[in-house]
Amino acid sequence: MTVHPSLQTSIDAWTHSIDAISELVNPLAESEWNRATECPGWSVRDVVSHVIGLECEMLGDPRPIHSLPRDLFHMTGELGRYHEVQVDVRRCHTAPEMTSELEYTVIRRSRQLRNEKRQPETMVRWPGGGEVSLEEALTRRAFDVWVHEQDLRRALNQPGNLDSPGGYVARDLLLSALPKVVAKDAGAAPHSAVVFDVNGPIEFMRTVRVDADGRATIDGSVSLGPTVTLSLDWETYVRLACGRVRAEAVAEQVKVEGDQQLADAILAHFAITP
C-alpha cells in the first residue's frame, strides 16, 4: 500500500515549500537570521524554529522543557505561548545549528510522509491540543509551511513561489473561511453578495452569497450587482488573511466598489490565522 491519493497533494506542497525554506536559509550569514519578519516578534530564526518545532511534534518528539521569559509581549493567548516554547528555546542557536537541525528534521519528516500508510480519516494529535484527521493535519502543515516560506521571502527580499503547490493549498483553505468572515464576523445582511476579485500569480473570482437566514455560501459564478466587490492582488490577499498586515497599511492595494462600510467590516475581520 502506498500513500493515499487524497494525501499526496498536501505532501507534495509541503515538500516543495520546506525544500524552498532550506534553500533560502542555508546561505544566510549569522546577522541575517535576526532580520524581522511580518510575524509579530519573530525573526527569520524564529520562523524557522517554529517550522522545525511543529514538524518535530508531528514526528512525535517530546516538547522541550523550557520556561518562557516574561518580556515576550508579542504573545497572545495560550496557543501563542505554546508555539513560543519551540521558538524561544532556539533563540541562542547559531546559523549552522539551525540549518543542520532543519535538514535533519526534513529528512526524518520526509521519510515519515513517504511511508504514510494510514487512511485520510485517521485521527491524529494536533500540536496545541485536540485531534484532527490526518488529511486535515497534512493540509494545515502544507499551508503553514508555505505561508512561512513567504514570510521568509519578504524578510529576505527573495520573492517567489507565490503560485507554487503550497499557494494553491493556501488558496483553497483561505477561501473556505470566507463565508464565516462575511456573514458571521462582518455581519453582512441577508440577500447580500460579496465578490472577491484576486489577480496576480494565482487568480480567481469568488462570490460569497448570504441567504435569507443569514447563512453564507461561496461559489465561482459571477454576481450581477453585488453589494460590494473587493479587488486585490494575491500576495496582499495572503498577507491580510494571515494577519501579516492591517488593511490600513495596504489600502492602496485594495480596490473597493459598493458598500464601503461592509468592505471595512470584512477587512477588519479578514485575518483567519492567529
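A crossing counts as left-handed if the near helix is turned anticlockwise from the far one by less than a right angle, and as right-handed if clockwise. The model is predicted, so local features need pLDDT of at least 70 and side-chain atom pairs count only at pLDDT 80 or more, while totals for chains, interfaces and linings use all residues. Residues are numbered from 1 along each chain as its sequence is written, and side-chain values use heavy atoms, with hydrogens and water left out.

**View A. Helix 1 against helix 4 (residues 95-114).** Here the crossing is left-handed. The two axes come within 11 Å and cross at roughly 165 degrees (axes are lines fitted to C-alpha atoms, for helices over the stretch in contact, with angles from 0 to 180 degrees between N-to-C directions). That makes the pair roughly antiparallel (over 145 degrees; under 35 is roughly parallel, 65 to 115 roughly perpendicular, the rest oblique). On the helix 1 side look for Ile 11, Trp 14, Ile 18, Asp 19, Ile 21, Ser 22 and Val 25, which meet Thr 99, Leu 102, Val 106, Arg 109, Ser 110 and Leu 113 of helix 4. Sorted by type, the contact residues are 8 nonpolar, 3 polar and 2 charged.

**View B. Helix 1 against helix 5 (residues 134-156).** This pair packs at about 25 degrees with axes 8 Å apart, and is therefore roughly parallel. The crossing is left-handed. The tally for the contact is 16 nonpolar, 4 polar and 4 charged.

**View C. Ser 43, in the loop between helix 1 (5-25) and helix 2 (44-58).** Ser 43 has 11% relative accessibility, so it counts as buried (under 20% relative accessible area, with a 1.4 Å probe and protein chains only). Its side chain reaches the backbone nitrogen of Arg 45 at 3.3 Å. Leaving aside residues up to four places away in sequence, Ser 43 touches Trp 33, Asn 34, Arg 35, Ala 36 and Thr 37 (contact means heavy atoms within 4.5 Å).

**View D. The buried residues of helix 7 (residues 178-185).** These are Leu 178, Pro 179, Val 181, Val 182 and Ala 183. They pack against helix 6 (165-176), strand 3 (193-199), strand 4 (204-210), strand 5 (216-219), helix 8 (234-241) and helix 9 (260-268). Just past the helix, Gly 187 takes a positive phi of about 70 degrees.

Technical notes
Helices (H or I, at least four residues) and strands (E, at least two) are DSSP runs, numbered from the N terminus. Buried means under 20% relative accessible area, exposed over 50%, partly exposed in between (1.4 Å probe, protein chains only). A polar contact is a pair of N or O atoms within 3.5 Å; within protein, one must be able to donate a hydrogen and the other to accept it, and residues adjacent in sequence count only if both atoms are side-chain atoms. Ala, Val, Leu, Ile, Met, Phe, Trp, Tyr, Cys and Pro count as nonpolar, Asp, Glu, Lys and Arg as charged, and the others, Gly among them, as polar.
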